[in-house]
Amino acid sequence: MHRFLLLAVFFFLSFASWSQKFTLNGYVRDADNGEELLGVTVYVPQLKAGTVTNDYGFYAITLPKGTYEVQFTYVGFDTRTLTIDLSKDVSQNIEMASEASVIQEVVIEEKAIDENVISVQMSKNTLNMNQVRKLPALFGEVDIIKNIQLLPGVVSAGEGTSAFFVRGGSADQNLILIDEAPVYDPSHLFGLFSVFNADVIKDSELYKGGIPARFGGRLSSILDVRTKDGNNKTFGAAGGIGLLASRLAIEAPIVKDKSSFIISGRRSYVDGFLKVAGEDNLVHFYDINAKFNFRHNNKNRFFLAFYAGRDVFNFGDDFAFAWGNKTGTFRWNHLFNERLFLNTSFIASQFDYKLGLDDVSSGFEWTSDLQEMSLKNDLSYSLNEANEITFGYHLTGRRFSPGEITPTSPESLFTTLKQQHMYALDHGIYLSNQQKLTDQLLVDYGVRLSIFQNVGRGNVYLYSDPRENVKIERIDTLYYDKGEVIKSYVNLEPRVSVRYLLGNGQSLKLSYNRMVQNTHLISSGTVPIPFNTWNPSNYYLKPQIADQIAGGYFRNFKDNLYEFSVEAFYKDVQNVTDFADNAQLFFNENLSVEYRQGKAWSYGTEWMVNKTSGKLTGMVSYTWSKSMRKIDGVNKGKEFVANHDRRNVFNAQATYDLNEKWSFGAVFTYSTGRPISLSEGSYEYGSYRPDILSERNGYRLKDFHRLDLSATLNPRKNLSRRWKGQWVFSIYNAYYRKNPFTIYTRALQDEDGNVIDKDKKEARLIYLFPVLPSVTYNFKF
């Protein structure tokens, strides 16, 4: 694999001496704090050629010898135009000022570059954090996951959850990254909040289709979250005090314009209120983010980022459970020459949970975790004005610890039980090229080679043929030593995206991608909960494979003030994982016999109108989609709608800046009710009366809709002092809609909870939130 990379580098470098071709490169930074800006458009009007800054703020474009006007444009920043004499290779770092700043040499263009139209990338959404902060938020906590759930093609599991479903995929088919490190459970308080502290987020991008070849490991989407690097010009701090949690972030230069840091913390204080009320049942969560960076010179920069978050629930002194994520990323950016850029990352991630009962006779502690370490080498090479090549190699090792139970006292009825660890190696090699064929036609094509190995030490149990025995029995065991390959899977993942410009700010786009997933969530519910476990592809469990094709029409109106798009997609999934009806998932050493794999398919259309600037900004989107599954051994082998199938989803969000003092926000969301399986009767079995369930997801909950409102007050004294305060007032579920979360059945009862007739069942609706007003005070200095 390393030989492959060396040959690739040699091949591409051989073009570097092309006569009369020179390269313009550099970093684009925020003039206020020195932060690198991601996704800045770099455009040369004379040649109708351009590029964008990469995930590290770096750009490179190779052009014929000449003098050019080069435009740098970015949402929320003044457009900057420079005259560049490209008679030799030029390294030009750029600082861009926010729209509120004034810099003399900045040239304001009447028309911004319509990146959403001219880019080859489709099915991608970038969150504008300035707008997100103005929108209503549950209990005043700004949450990017809740905003992701409002995007076209994305479906929420319901109120109070951080789970989201993209284009018919399951929640575990989303790869969620923070500074390149995977986060396996993004929820706090079972999904009431997410793990992302908005004060430290620099950029958030969601890829739903046309996924670049550098990404792999999940079927449906990539949520790529990047945190701030830290202000390298001056000291700063920001924070907020809300009803349930408070937060504080501090950033400052270590050496001005050379190195900096940012450290943030967030903690809930529900447990404090409960203690004052005399309650023994306590709950809290916390997050810690830290990042350090050092710019050695223009060719070498180093980053070190950490995240740690945890939820803790204590029910008196007897029962407790907790879960959390930890991640760490070390990154080195290196510029070999004017055209070749390298990012090397060492990444570690851990997710764990535990629960326990403190009792002499029945005390136990149950623990489970997943550990992951990765090495990533990503390179980009600017061949010429028509070709930009990216390639790299990723290696990931994982250790899965499904569960271990230990007694907490010698008298406990529990004994030590430990499920065997599982190990996996995941290799990814990719190569892609973005090529401009004509002024109208731009293509991005590439391939990713996925090599997955389930390795020992471990045992594989063999079972009797279910066609020959009603009861499946273990008949033999295969033993594998440490590092010995148990099962390998090799898959090619082609990726193609095409853009054709129609003129007048409009384009057509088409994409195809194949994605492979070798990490599977062991869950039979709709919403992932922290106590689910993950398994690798193995002797019995095949990789999940998804093929998706998407096409779209993109157009901007009124000098790019309004962005319009419509996309259609079709996705086909092989080996989608589910479990047999009535499967036993809890601490089951023979879980392999419960696996069921089949096929899934989904298709739909997504419509969006986005207003990007002015006093009134916002987005309106509508998605129609259908998600189906057919798996032998599930629902009697008949096809059924997926748990997260919501045919119609409509979302509208808007912010209005009345003046410098007041701004207002509103969010309205509507969706078809979620599918659910319900009891259609019961039967007698001795002294028990088990329910007879409907076919899988044979019913639907009532339609979901909700309106949230907010008002933000920026006192006028903010304009004349360093300390800037802000009050945010929110109303969640403004018209008190009782949105169904789930339905359960019970024996018929009266109003006091007394059973009237144990032979008759009644359905009961559970909803979560009434009208919830909140107030938050934010500050920065």
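User: Is Asp-657 buried, partly exposed or exposed?

Analyst: This is a predicted model, and every value below is computed from it. Burial is read from the relative accessible area: under 20% is buried, over 50% is exposed, and what lies in between is partly exposed. Asp-657 has a relative accessible area of 23%, so Asp-657 is partly exposed.

User: With which residue does Asp-657 form a salt bridge?

Analyst: The partner is Lys-134, and the closest N and O atoms are 3.2 Å apart. Lys-134 sits in the loop between helix 3 (129-132) and helix 4 (144-148), while Asp-657 belongs to strand 41 (residues 648-657), so this pair ties together parts that are 523 residues apart in sequence. Lys-134 is also partly exposed, at a relative accessible area of 22%.

User: How many salt bridges does the structure hold?

Analyst: The structure holds 38 salt bridges. One of them joins Glu-606 to Arg-167, with 2.7 Å between the closest N and O atoms. Glu-606 is in strand 38 (residues 595-611) and Arg-167 is in the loop between strand 11 (164-166) and strand 12, so the pair links parts that are 439 residues apart in sequence. Both Glu-606 and Arg-167 are buried. Another salt bridge is formed by Asp-645 and Arg-647, whose closest N and O atoms are 2.9 Å apart. Asp-645 is buried, with a relative accessible area of 0%.

User: Where is Glu-180 found, and what does its side chain make polar contact with?

Analyst: To place a residue, start with its element, then its burial, then its contacts. Glu-180 is found in the loop between strand 12 (174-178) and strand 13 (181-182). Its relative accessible area is 6%, so Glu-180 is buried. The Glu-180 side chain makes a polar contact with the side chain of Tyr-56 at 3.4 Å, and another with the side chain of Ser-345 at 3.1 Å. Apart from neighbours within four places in sequence, Glu-180 is in contact with Tyr-56, Arg-226, Arg-331, Asn-343, Ser-345, Ile-347 and Lys-376.

User: In what sense do strand 28 and strand 29 pair, and over how many bridges?

Analyst: Strand 28 (residues 422-436) and strand 29 (residues 441-455) are antiparallel, over 14 bridges. A hairpin of 4 residues joins strand 28 to strand 29. Ile-429 has Leu-449 in strand 29 as its bridge partner. Strand 29 also pairs with strand 32 (residues 485-501), in the antiparallel sense over 15 bridges. There, Val-455 stands opposite Val-485 in strand 32. In a regular strand, side chains alternate between the two faces of the sheet.

User: Which residues make the nonpolar surface patch?

Analyst: The patch covers about 680 Å² and is made by Ile-254, Val-255, Ile-263, Phe-292, Leu-304, Phe-306, Phe-330 and Phe-346. Strand 19 (245-255) and strand 22 (300-315) are the elements that give two or more residues to the patch. Leu-304 is found in strand 22. A patch residue must have over 30% relative accessible area; Leu-304 has 32% and counts as partly exposed.

User: Where does Asp-572 lie, and what does Asp-572 touch?

Analyst: Asp-572 lies in strand 37 (residues 562-579). Its relative accessibility is 28%, so Asp-572 counts as partly exposed. Not counting residues up to four places away in sequence, Asp-572 touches Ile-545, Ala-546, Asp-547, Ala-600 and Trp-601. Asp-572 and Asn-325 are 247 residues apart in sequence, and their C-alpha atoms are 32 Å apart in space.

Conventions: Residues are numbered from 1 along each chain as its sequence is written. This is a predicted model: local features need pLDDT of at least 70, side-chain atom pairs count only at pLDDT 80 or more; totals for chains, interfaces and linings use all residues. Side-chain values use heavy atoms; hydrogens and water are left out. Patches are made of residues with over 30% relative accessible area and no salt bridge: like charges are joined within 9 Å, nonpolar side chains (Val, Leu, Ile, Met, Phe, Trp, Tyr) within 5 Å. Accessible areas come from the Shrake-Rupley method with a 1.4 Å probe; for residues, only the protein chains shown count as cover. A salt bridge is a side-chain nitrogen of Lys or Arg within 4 Å of a carboxyl oxygen of Asp or Glu. Buried means under 20% relative accessible area, exposed over 50%, partly exposed in between (1.4 Å probe, protein chains only). Two strands pair if DSSP finds at least two bridges between them. Contact means heavy atoms within 4.5 Å. A polar contact is a pair of N or O atoms within 3.5 Å; within protein, one must be able to donate a hydrogen and the other to accept it, and residues adjacent in sequence count only if both atoms are side-chain atoms.
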